Amino acid sequence: MLDNDFKTFTIWEWINIEPKDGDDYISTVSRRIKIPKIVVAKTDVETRISRPKVSRIGVFIRDGFTCQYCGKRFSYKNLTIDHVIPRSRGGRTEWLNVVTSCISCNIKKGDRTPEEAKIELIKEPRLPMITILNIKEIELKFYPEWEPYILR
Ligand SMILES: [Zn+2]
């Protein structure tokens, strides 16, 4: 589904596509416009949009739904947010201190730093690259079509 199934449209072509059942759309006075899942920008829009706030789904997306300790992928509900420096030690909920963790790695690490728990991060947490996306919107819906565009 995600391989060669993409086609690009100009906005003028796009607005003439009638939304099908189940498609998200916006209504204008005269028509319904299907909401595209992916928009290609010809200019760099990233610099004009502020970085999203830390959120559960945002961290999972940044980390590719992959536990940052054991390296395995999990579904949304089998993942947790781990504070690398635990909150009890003053670790803050910010992009550079939170990582995706599976439940078992999170339990194993507990209220300790990775060093203390003798568990290693596969990648240092970084600021998210998905600045174009509004994380609040993603909380409501995450489209699998976005997957190939998320930088890891
Ligand atoms: Zn794990």
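Me: What share of the contacts with a separation of 6 or more comes from residues 24 or more positions apart?
Reply: In this predicted model, residues 24 or more positions apart account for 62% of the contacts in the protein with a separation of 6 or more.

Me: And which helices and strands am I looking at, in what order?
Reply: There are five helices and four strands, and along the sequence they follow the pattern α-β-β-α-β-β-α-α-α.

Me: How much of it counts as buried?
Reply: Of the 152 residues, 15% count as buried.

Me: Which residues make up the largest nonpolar core?
Reply: That core has 11 residues, among them Val-59, Phe-60, Ile-61, Leu-79, Val-98, Val-99 and Cys-102, and the elements that give two or more residues to this core are helix H2 (56–62) and strand S4 (98–102).

Me: Is S4 itself enclosed or open?
Reply: Five of the five residues of S4 are buried, so the strand is largely enclosed by the rest of the structure. Val-98, Thr-100 and Cys-102 point one way, while Val-99 and Ser-101 point the other way.

Me: Which strand is joined to S4 by five bridges?
Reply: Strand S3 (residues 79–83) is, and the two run antiparallel, with Leu-79 standing opposite Cys-102 in S4.

Me: Back to Val-98, what does it touch beyond its neighbours within four places in sequence?
Reply: Val-98 is in contact with Val-54, Val-59, Ile-81, Asp-82, His-83, Thr-93 and Pro-125.

Technical notes:
Residues numbered from 1 in each chain as written. Predicted model: local features only at pLDDT ≥ 70, side-chain atom pairs only at ≥ 80, totals over all residues. Core = buried A, V, L, I, M, F, W, Y, C linked by C-beta atoms within 7 Å. Buried ≥ 20, exposed ≤ 12 C-beta atoms within 10 Å, placed from the backbone. Contact = placed C-beta atoms within 7 Å. Pairing = 2+ DSSP bridges.
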